[in-house]
Amino acid sequence: MSPFSYRIGLVLAGSLLLALSAIGNNAHATLITSIDPSGANMGPDIIPCHRYDGLQPQGTTSPAISTCETMSPDLGKFRASLADHGWLIQGGTNFGGTFDLLNRAAHPQLYIGQDPTYRFGSFVTATYDLSRIGFAGASQLVFNANVQWFSYAGENPNGFAINSFYITQRFNDGRVQLQYGFEELGNQFYGFSLGTNSTTSPAGVGSSIPYEVGFIFNKTAPEANFRLASPHKHFYERFGVTRSVDPKGPQADWDNNNFLGLKWHIPGAKALYINELGYQTDAAPQQSMMWLRQGVMYNESHFPDFHGGYANNNYAYYLVGDYQLLQTDATQPFRGFYVNAKADYAPPDRNVYAGDMGVTFYLLGPFSRPYDVVALGYTFDRLSRSFERMQQADGFTAVDYSRNYSLSYVYRVSRGVYLSNQLSYTVNPIPTPKQPPSLTWMSSLSFSY
């Protein structure tokens, strides 16, 4: 069997396994945004904003916050005027900091928060209804750009970039979706936010493996993906292809891309394929939410291995599931107690993080606050023993595992303003050199408009 046939076989076998599991399970699935579609408990001045949400980017796993939840839903009638012409513009700004409460300050800094670490980001998203100019189906042009700054260079690159510039077309009442252009493909797969709402991302599902294996982050890459759903839209198959991140890492990818982030080719970065099969439905009165997804990633790029050479490819597997254990408000069925569980794997001869497992319990709408989120999570990371031995041979200390415990709260200060806080205790916060446990406090304030 050829390597290509073997890879395709893995994709199909994994997909078939999840399909049989989903078909044999009567549970229902999908994550819910934190907006009540009925408009209950909302002032009459913002009810018309619901029509703008139909122009938001479609098909992403972490959609933008509803325009009803922005600081000014109508933007002084400007948003209504844009919508009349098929346009929607949204934006956001966030400030944040991370601090190690155990005072592990070091020079040079080795991980986020070891020295006080600060970040800033601001973005704008614009969409246009392409069906107005003859595109088939429910078609959109999606554009997103941001500027970001990090005080710790090891966290992320600094600067401006375009993150999205693509066309999406939906047919057959949304059961068929085709997307092509430039995009961070991680926005279309896996599901990294709790509740599929951008405001909950600080409490979201964490795994470095999809990005270690090749997902682009911060800038964008050429991509195409195709999603096909069953007649009731619960069961879906999604396949995508994009350019890999530069195998030398995110900073190299940033530096080798152009100013706008729209470079088609980067030396050494080849095609990355991903296939995801999932099952999901919405929460409804007396019906729990469940979203189960399984994915296979394959990267054709040559990655440095830990034996002095290069691997001809890279790959990863993931299995992620969310389930609503308890509904707490019959009038707002998205509110309730949830669990997320995930497992990821990547080959240890070319990836520092070779596997992880985690569980997060989270509550959407705690107490009498329907838009807040509280989460308690645990993650165990298995690090590569090959990497550990290589570091030790070079005279450095290294670890072969990491454990993280986290408690998060996302607090709605007012419409469009959210304050997020997270306390995390981590055993072995970095792979090398070995460090004492860290206790980090992360706070961020976000504004949506």
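Two rings of Phe, Tyr or Trp (its six-membered ring) count as a pair if their centres lie within 6.5 Å, and planes over 60 degrees apart make the pair edge-to-face. Keep that handy for the first exercise. One more thing before we start: this is a predicted model.

**Exercise 1. Aromatic pairs**

Find out how many aromatic pairs the structure holds, then work out which kind phenylalanine 182 and tryptophan 264 form.

*Solution.* 
- Step 1: The count comes to 20 aromatic pairs.
- Step 2: For phenylalanine 182 and tryptophan 264, the ring centres are 6.2 Å apart and the planes make an angle of 75°. Pairing asks for centres within 6.5 Å, and edge-to-face asks for planes over 60 degrees apart, so this pair is edge-to-face.
- Step 3: Now place the two rings. Phenylalanine 182 belongs to strand 5, while tryptophan 264 is in the loop between helix 4 (250-256) and strand 8 (271-281), so the pair ties together parts 82 residues apart in sequence.
- Step 4: Check the surroundings. Phenylalanine 182 has 15% relative accessibility and counts as buried, whereas tryptophan 264, at 63%, counts as exposed.
- Step 5: Ring pairs also build a cluster, made of Tyr190, Phe192, Tyr211, Phe215, Phe217 and Tyr318.

**Exercise 2. Charges over rings**

Look at arginine 227 and arginine 238: which ring does the charged end of each one sit over?

*Solution.* 
- Step 1: Arginine 227 has its charged end over the ring of tyrosine 236, 4.3 Å from the ring centre.
- Step 2: With arginine 238, the ring is that of phenylalanine 189, and the charged end is 5.5 Å from its centre.

**Exercise 3. Following strand 13**

Start at strand 13 (residues 336-345) and trace its pairing with strand 12 and with strand 14.

*Solution.* 
- Step 1: One place to look is glutamine 324, whose bridge partner in strand 13 is tyrosine 338.
- Step 2: Strand 14 (residues 353-364) also pairs with strand 13 in the antiparallel sense, over 10 bridges. Here aspartate 344 has aspartate 356 in strand 14 as its bridge partner.
- Step 3: Tyrosine 338 turns up again in the largest nonpolar core, which has 16 residues: Met289, Tyr338, Tyr362, Leu364 and Tyr418 touch the most other members. Strand 14 and strand 15 (373-383) are the elements that give two or more residues to this core.
- Step 4: A second, separate core has 14 residues, including Leu272, Ile274, Met297 and Val320.

**Exercise 4. Helix 5 from end to end**

Walk along helix 5 (residues 385-393): which of its residues are buried?

*Solution.* 
- Step 1: At the start, a side-chain oxygen of serine 384 comes to within 3.2 Å of the backbone nitrogen of serine 386.
- Step 2: Along the helix, the buried residues are Ser386, Phe387, Glu388 and Gln391.
- Step 3: After the helix comes glycine 395, with a positive phi near 90°.

**Exercise 5. The disulfide**

Which cysteines form a disulfide, and are they buried or exposed?

*Solution.* 
- Step 1: There is one disulfide. Cysteine 49 and cysteine 68 form it, with sulfur atoms 2.0 Å apart.
- Step 2: The link is right-handed, with 115° about the S-S bond.
- Step 3: Both cysteine 49 and cysteine 68 are buried.

Notes
Residues are numbered from 1 along each chain as its sequence is written. This is a predicted model: local features need pLDDT of at least 70, side-chain atom pairs count only at pLDDT 80 or more; totals for chains, interfaces and linings use all residues. Side-chain values use heavy atoms; hydrogens and water are left out. Two strands pair if DSSP finds at least two bridges between them. Helices (H or I, at least four residues) and strands (E, at least two) are DSSP runs, numbered from the N terminus. Buried means under 20% relative accessible area, exposed over 50%, partly exposed in between (1.4 Å probe, protein chains only). A polar contact is a pair of N or O atoms within 3.5 Å; within protein, one must be able to donate a hydrogen and the other to accept it, and residues adjacent in sequence count only if both atoms are side-chain atoms. Rings of Phe, Tyr and Trp (its six-membered ring) pair if their centres lie within 6.5 Å; planes under 30 degrees apart count as stacked, over 60 as edge-to-face and the rest as tilted. A charge sits over a ring if NZ of Lys or CZ of Arg is within 6 Å of the ring centre and within 35 degrees of the ring normal. A nonpolar core is a set of buried Ala, Val, Leu, Ile, Met, Phe, Trp, Tyr and Cys residues joined through side-chain atoms within 4.5 Å. A disulfide is a pair of cysteine sulfur atoms within 2.5 Å.
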